[in-house]
Amino acid sequence: MGSVASPAAGARRRSRAVSPEIYFAKRIDNSRLVKMSDPKHNREMAMFFGTVVLLFLLVMVYAWQHFSAIECGYRVEQLRAQREGLVELNRALRLEEASLRDPQRIDLLARQMGLAAPQAGQLIRLDGGGDNTDPGTPVMARVSDSVRNLALVSPQ
Amino acid sequence: MTAFTRLRALLTKSPVHFRKALPSDSTRRIYALSGILVLWTGVIGLRLLDLQVLHYGDFALRAQRQQQRTIEVSPRRGIIYDRNGHELAMSVMVNSVFAVPAEIPDQAATAALLGRILNGDSRELLARMKASHAFCWVARKVDADMAARIRALNLKGIYFQKEPKRFYPKRELAAQVVGYVGMDDEGLGGIERQYDEHLRGMPGKMLISMDARRHWFGRVERQPDPGQNVVLTIDQNIQYIAERELQTAMEQTKAIAGTIIVTNPHTGEVLALANRPTFNPNTFNKVPAAFLKNHAVSDVYEPGSTFKMEPWLRRWKKNSHGRRN
């Protein structure tokens, strides 16, 4: 003859099949409870938090300066390449200028333009050289010393 | 049932259903997930340990080999000036073309294309590509136009490198005096050869760091010592006049060779030294070797009656000195 199972036994059997959970039928009012503050614990937590923040900042600064240095390296190399390019361009232009100043080329161009070499007596030196003391001899124009001194005193 | 729970039941007079504590499904799930996370973190940590500690040296060495290159920096060859500062010889950087044969997918086609542009033998170029996997010259010191045409082809495995090339902007002017240089900027004649060790300079070294795209982001370098400049006593205008007159005299007399030397009698400076036949030092390898000769300094020539000046001047000087005493 079987016995009547108690409600508690039935509940136990049911609990094996599902997750055991405790339900409080009455609402709990915790408003009267006040958590006690633990200053020591709070201090420790604050120190721990500060340490973690500091460590984080250090890592960030290290990473920032590391990648900034690499970026600066790229920029420096770019500027170096630009400078070297300009220096080379300058040399190439100097070479071109030297080539254009070739006496043979200038002589050829002059003759093509109808110019000819000066004959004897046609060459007059304007820099005051030679033994020519004729007052009618042309001289090179130049600023006299008095005018130059006046310009130095009153630059306006 | 704990004391607290019993107390609550008494206070609230509410039925509390509870059972003996057993691990719930959610707890098991939490444990399983935590276990997976711990395992995952452990695997990552072990891998980090392996990379950063156990094999650190090996990987650092491999990275260094990939990222760093040592390049020898050629020194800039000195400039040759005339007495008035006009450049008679100077170097500028030009492009040289080289190939990395291992990176070229079709060497035959590439060699044929380049041979057509460079007007060279494509078979010889192909043979050079096959002889080396890492590097071979395609053409050295090409002009800007040719470099632009090759660059426009955008061929895989073909790269450019800057090299200094010697230019003589005055062309044939004082060619035998100034001289000429070979492909590696070594002096082969004239002032270029005589003062080669002064003009050459000392090469430098550069240790560069580059990324995967071959962009440089750092370098440590020892600057090369540039070559010294050489200033001649030659006056380019007097030189030109001497050469022009020599050319006229050669045409009139139908001479095989000729030379004019102009010197300052007070100081002995050579103001002009002209030779015919002459050549363009920019293309010295395309003329006969006889044209490269400086007759003024290499030929033996009897002075003849011109030497009579020497004893007469000596006697005059002696007499004038005696008259003074």
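Visitor: Which residues touch the most other members in the largest nonpolar core?
Guide: This is a predicted model. Its largest nonpolar core holds 23 residues. Those that touch the most other members are Ile80(B), Ala89(B), Ala174(B) and Val178(B).

Visitor: Which elements give two or more residues to this core?
Guide: The contributors are strands and helices of chain B. The strands are E4 (87-99) and E13 (270-276). The helices are H7 (175-178) and H10 (236-253).

Visitor: Which residues does Val178(B) touch, not counting residues up to four places away in sequence?
Guide: Val178(B) is one of the core residues that touch the most other members. Among its partners is Ala89(B), which is also on that list.

Visitor: How many residues are in the second, separate core?
Guide: This core includes Val97(B) and Ala99(B). Met129(B) and Ile150(B) belong to it too. Its count is 10 residues.

Visitor: Are H4(B) and H6(B) roughly parallel or roughly antiparallel?
Guide: Helix H4 (residues 107-118) of chain B packs with helix H6 (residues 144-153) of chain B, their axes 10 Å apart. The angle is about 155°. Angles over 145 degrees count as roughly antiparallel. So H4(B) and H6(B) are roughly antiparallel.

Visitor: How many nonpolar residues does the contact of H4(B) with H6(B) have?
Guide: H4(B) brings Leu113(B), Leu114(B), Ile117(B) and Leu118(B). H6(B) meets them with Met146(B), Arg149(B), Ile150(B) and Leu153(B). By class, the contact has no polar residues, 1 charged residue and 7 nonpolar ones.

Visitor: What share of the contacts in chain B with a separation of 6 or more comes from residues 24 or more positions apart?
Guide: Chain B has 12 helices and 13 strands. Of its 325 residues, 21% count as buried. Among contacts with a separation of 6 or more, the share from residues 24 or more positions apart is 63%.

Visitor: How many buried residues does helix H3 of chain A have?
Guide: Of the 156 residues of chain A, 1% count as buried. Helix H3 spans residues 103-112, 10 residues, and is hardly covered. Its count of buried residues is 0.

Visitor: Which residue with a positive phi follows H3(A)?
Guide: The phi in question is near 95°. The residue is Gly114(A).

Terms used: Residues numbered from 1 in each chain as written. Chains lettered and ligands numbered in written order. Predicted model: local features only at pLDDT ≥ 70, side-chain atom pairs only at ≥ 80, totals over all residues. Helix = DSSP H or I, 4+ residues; strand = E, 2+ residues; numbered from the N terminus. Buried ≥ 20, exposed ≤ 12 C-beta atoms within 10 Å, placed from the backbone. Contact = placed C-beta atoms within 7 Å. Core = buried A, V, L, I, M, F, W, Y, C linked by C-beta atoms within 7 Å. Axes fitted to C-alpha atoms, helices over the stretch in contact; angles between N-to-C directions. Parallel < 35°, antiparallel > 145°, perpendicular 65-115°, else oblique. Nonpolar A, V, L, I, M, F, W, Y, C, P; charged D, E, K, R; others polar.
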